[in-house]
Amino acid sequence: MTTSDTATLLEDAADRIADISRPDLQIMLRRAALRLRNAAAVSMDDDVEEVLRDVAGELGMTRNDTIRFIVREWMETNTYLPVHNVDEDSDVDGTA
């Protein structure tokens with residue numbers, strides 16, 4: 001489950017708190033606590049933070065998702081991760 005899924009579940013539960021069963025609420029809260037406990041905050045210099053916020057806004061992503069995206073792209077570009085090659089015979093479902 002992704003962070004946004006967990007956040008969406010928690011927001012939905014907050015909107016209809018009277019309808020959520022106690023065990024379901026406990027599960028969601030434990031999941032959220034586990035994510036918070038395991039989340040490693042990455043702090044940046046002020047100038048980097050400003051640009052990061054701008055890029056995140058342009059991409060319509062959260063700050064953390066933008067950092068993950070940038071790191072993945074950098075790793076693929078520098079061959080630390082495999083690049084998914086697309087050739088003429090590849091099936092791309094209209095997204096090449």
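The structure is a predicted model, in which local features need pLDDT of at least 70 and side-chain atom pairs count only at pLDDT 80 or more, while totals for chains, interfaces and linings use all residues. Residues are numbered from 1 along each chain as its sequence is written, and side-chain values use heavy atoms, with hydrogens and water left out.

The protein holds four helices and zero strands, where helices (H or I, at least four residues) and strands (E, at least two) are DSSP runs numbered from the N terminus. Read from the N terminus on, the order of elements is α-α-α-α. Among the 96 residues of the protein, 11% count as buried. The classes used here are buried for under 20% relative accessible area, exposed for over 50%, and partly exposed in between (1.4 Å probe, protein chains only). Accessible areas come from the Shrake-Rupley method with a 1.4 Å probe, and for residues only the protein chains shown count as cover.

Contacts give a second view of the fold. With contact taken as heavy atoms within 4.5 Å, residues 24 or more positions apart account for 17% of the contacts in the protein with a separation of 6 or more. A7 belongs to helix α1 (residues 3–15) and, at 34% relative accessibility, counts as partly exposed. Further along, M61 sits in the loop between α3 and α4. Leaving aside residues up to four places away in sequence, M61 touches A56, T66 and F69. The relative accessibility of M61 is 29%, so M61 counts as partly exposed.

Charged pairs come next. Side chains of opposite charge can pair when their charged atoms come close. Here a salt bridge is a side-chain nitrogen of Lys or Arg within 4 Å of a carboxyl oxygen of Asp or Glu, and the count by this rule comes to four. One of them joins R16 to D12, with 3.0 Å between the closest N and O atoms. Both partners are partly exposed: R16 has a relative accessibility of 34%, and D12 has a relative accessible area of 31%.

Another salt bridge links E49 and R63, whose closest N and O atoms are 2.7 Å apart. Because E49 lies in helix α3 and R63 in helix α4, this pair ties together parts that are 14 residues apart in sequence. E49 counts as buried at 14% relative accessibility, whereas R63, at 26%, counts as partly exposed.

Helix α4 also contains a pair of its own. R68 and D65 form a salt bridge in which the closest N and O atoms are 2.5 Å apart. The two residues are three positions apart in this helix, so about one helical turn separates R68 and D65. R68 is partly exposed at 49% relative accessibility, and D65 is partly exposed at 30%.

The surface carries patches of two kinds. Patches are made of residues with over 30% relative accessible area and no salt bridge; like charges are joined within 9 Å, and nonpolar side chains (Val, Leu, Ile, Met, Phe, Trp, Tyr) within 5 Å. For charges, Lys and Arg count as positive and Asp and Glu as negative, while His and the chain ends are not counted; the place of a charge is taken as NZ of Lys, CZ of Arg, CG of Asp or CD of Glu. A negative patch is formed by D45, D46, D47, E50, D54 and E58. Within this group, E50 lies in helix α3 (residues 46–59) and is partly exposed at 47% relative accessibility.

The nonpolar patch brings together V71, W74, M75 and Y80 over about 420 Å². Y80 is located in the segment after α4 (63–77) and counts as exposed, at 57% relative accessibility. T79 is also found in the segment after α4. The phi angle of T79 is near 60°, a positive value in a residue other than glycine. T79 is exposed, with a relative accessible area of 67%.
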